[in-house]
Amino acid sequence: MVIWLYLLSLPAWLVSAQSIASQAYTPVAGACPEGFSLVRMAGSAPENQTLSSSESSYVQARRSQVIPQAWKTYLANVEATNVTLPSYVSTILGGTGSQTPNLGIATSGGGYRAALFGAGVLNALDGRNASSNSAGTGGLLQSATYLAGLSGGSWLLTSLAQANFPTIQELVVGPTNPTVANNSWGGWNAEYDIATPSDNPVTEGEYLNNLIDEIAGKYHAGYPVTFADFWARGLARHFVNGTFSSNFYDESYTHGAGILWSGVAETTSFTSYTIPFPIVVTDLTVPGQNASNDIPGNIIPISNPIFEFNVFEMGSFDPMLSAFAPTKYLGTRNNSICITNYDQSALVTGSSSELFNLYNVTNTLSSTWSSIFSLLEELLPESGIELDVALWPNPFYGVAPDTFIASNQVDLSIVDGGEDGEVIPLQPLLVKARGVDTILAIDGTSDVNNFADGSSLIATQNRTALLSSAYSFPPVPTSLSEFTAQNLSTSPTFFGCNTTSSNASTPLLIYIANGGPPHNGQAPLTNTSTTQISYETSQIQAMLDQTFIIATQGLPADAGAPTDPEWPACLACAVVDRARERAGETRSGVCESCFARYCWNGSTLGVDTQTTSGTRAIGVASGSHGGLVLALVGAVGVLVLM
């Protein structure tokens, strides 16, 4: 049976009917607020760049009303591990000193595997988890100012923010006694395959028709509709409020349609400043882009601007643009007619994970995806539309025409945030106006045997070197051979430990990667294939449990030991280190020995490549996402061609 032919044979009234989800997904036009301005220029140089007033207010309120107590709670958990901390650590975290850390957390792409690994690490940092508190790492999540996600990491971040910041366990598997409603959280529903949730052809055909129907209202309202919208409606069943196992196929529910990214600002976790400020990262693709700046194996040049979607604004701090538009009014093209309801949470995370352009499916009708594209073209015909990207009306049309490569584009073509090789969303946390001094980077990419090898850090190093006037990034090894030979991804590594006056504003990077199994001898569970896009609850729990071990084990000082009992103290030492510098304190005590163990010291293969117990001689993610495309292509291929 050919499912898409089944869909094409459906009565026209059924295909064109406006479901409640379709209505909720359709953008709305209206008069702009008095004094409205579509574009905010954020400053032409790093020294004069500014945050939006809304972000500044949120961060200031969080840092004054929430974070001081969060640091104290975190300090108590560290001290309970019975490792003596230098007095300056207690002074900084206890709030009795003049300096406090400014922590950002970045969680990478890499499909469901990355989402689960990122969730497991956040669970180990969550002060609501008694096991995390006992391990001495709990409370660090509550102490962070910023939280950034990309692709699979954006699935984690978007679901966490719009679901009102539930515990990580509840986020992933859902509440024990859920309230089945459009605005309630139902978990990731990971037992349902993202591409083909049912093995029943009729059920599958009806499901695909529903996805098409849900984007039809946007199409009939005159807005461009692409595969990203179709993809977003599928993702919404997993990462946006309103879908539960009991109502997965029930079209009397909106399944996340109408739940907006700007709407996160109205959740109680946001209005109480409880959640770190969330940022989703995407890439921009433009015809005629400078391919000479491609990292081998990737298709987006590192010279292209990186776009972020935060709750208040969308835009880029990259110096070639440095401009933003209000998230609530994305879809708007002028200062008189304002569009709302465009910034669907599912479309934001769908844009961050929109990687179908990797296979150029728009122009290759013989590809396995051709049946779905034919379905879109038959039911929702459009001319001159690029179907394999996420299209957002360009609010920056005519802005910075000499430097912004998309200034003359009517629509912005947005794709997966890792297509330039930077699969960890570090760029927003390097913006100097944000003042982040410590970044905890979670790497769940698939580089070698579905483990991470550090290539994303190398890509970020290359890009910041290209934009050195705007961003500072700590040195990391320049080649994968150096990175892997020194085992820098198999245990936590600190980068940027030794600063000088010339790079004092460079953040210290705490790198926690899914780089190998735990040191306790367990068989690896976290290196699942990117092609796996459904998980049973038992496998999810096993992965979360093993990730907890990876995040809390540290680098054992004794060969054969499963954990480093000083790791909680070492982590605290890293978190406060930039604040320590500003306070004029000298690194001492356990912090001194921790940094000797965990810091990359800049060694290369020609100097010292040996990593032994207790010491560390230290300093192109093309495979990270391609597997997910192959998985989806294969899955839908089986579906539509059976």
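Start with Cys 591. In this predicted model, Cys 591 has a relative accessible area of 0%, so it counts as buried. The cut-off for buried is under 20%.

What does Cys 591 bond to? Its partner is Cys 573, and the two sulfur atoms of this disulfide are 2.0 Å apart. The torsion about the S-S bond is -80°, a left-handed link.

Helix 20 covers residues 567–583 and packs against helix 5, residues 67–79. The angle between the two is about 145°, and the axes are 9 Å apart. Which residues of helix 5 make the contact? They are Trp 71, Tyr 74 and Val 78. On the side of helix 20, these meet Pro 568, Ala 569, Leu 571, Ala 572 and Val 575. Sorted by class, the contact has eight nonpolar residues, no polar ones and no charged ones.

Back to the disulfides. The structure has four of them. I will go through two more.

Next is the pair Cys 497 and Cys 599, with sulfur atoms 2.0 Å apart. This disulfide is left-handed because the torsion about its S-S bond is about -95°. The two cysteines lie in distant parts of the chain, 102 residues apart. Cys 497 is in the loop between strand 13 and strand 14, while Cys 599 is in the loop between helix 21 and helix 22. Is Cys 497 buried or exposed? Its relative accessibility is 4%, so Cys 497 counts as buried. Cys 599 is at 9%, and therefore buried too.

Then there is Cys 32, joined to Cys 338 with an S to S distance of 2.1 Å. Here the torsion is 105°, and the link is right-handed. This pair spans 306 residues: Cys 32 is in the loop between strand 1 and strand 2, and Cys 338 is in strand 9. Both cysteines are buried.

Last, the chain as a whole. The protein chain has 22 helices and 14 strands. Of its 642 residues, 62% count as buried. The accessible surface is about 21,000 Å², and 52% of that belongs to carbon and sulfur atoms.

Methods
Residues are numbered from 1 along each chain as its sequence is written. This is a predicted model: local features need pLDDT of at least 70, side-chain atom pairs count only at pLDDT 80 or more; totals for chains, interfaces and linings use all residues. Side-chain values use heavy atoms; hydrogens and water are left out. Axes are lines fitted to C-alpha atoms, for helices over the stretch in contact, and angles run from 0 to 180 degrees between N-to-C directions. Helices (H or I, at least four residues) and strands (E, at least two) are DSSP runs, numbered from the N terminus. Contact means heavy atoms within 4.5 Å. Ala, Val, Leu, Ile, Met, Phe, Trp, Tyr, Cys and Pro count as nonpolar, Asp, Glu, Lys and Arg as charged, and the others, Gly among them, as polar. Buried means under 20% relative accessible area, exposed over 50%, partly exposed in between (1.4 Å probe, protein chains only). Accessible areas come from the Shrake-Rupley method with a 1.4 Å probe; for residues, only the protein chains shown count as cover. A disulfide is a pair of cysteine sulfur atoms within 2.5 Å.
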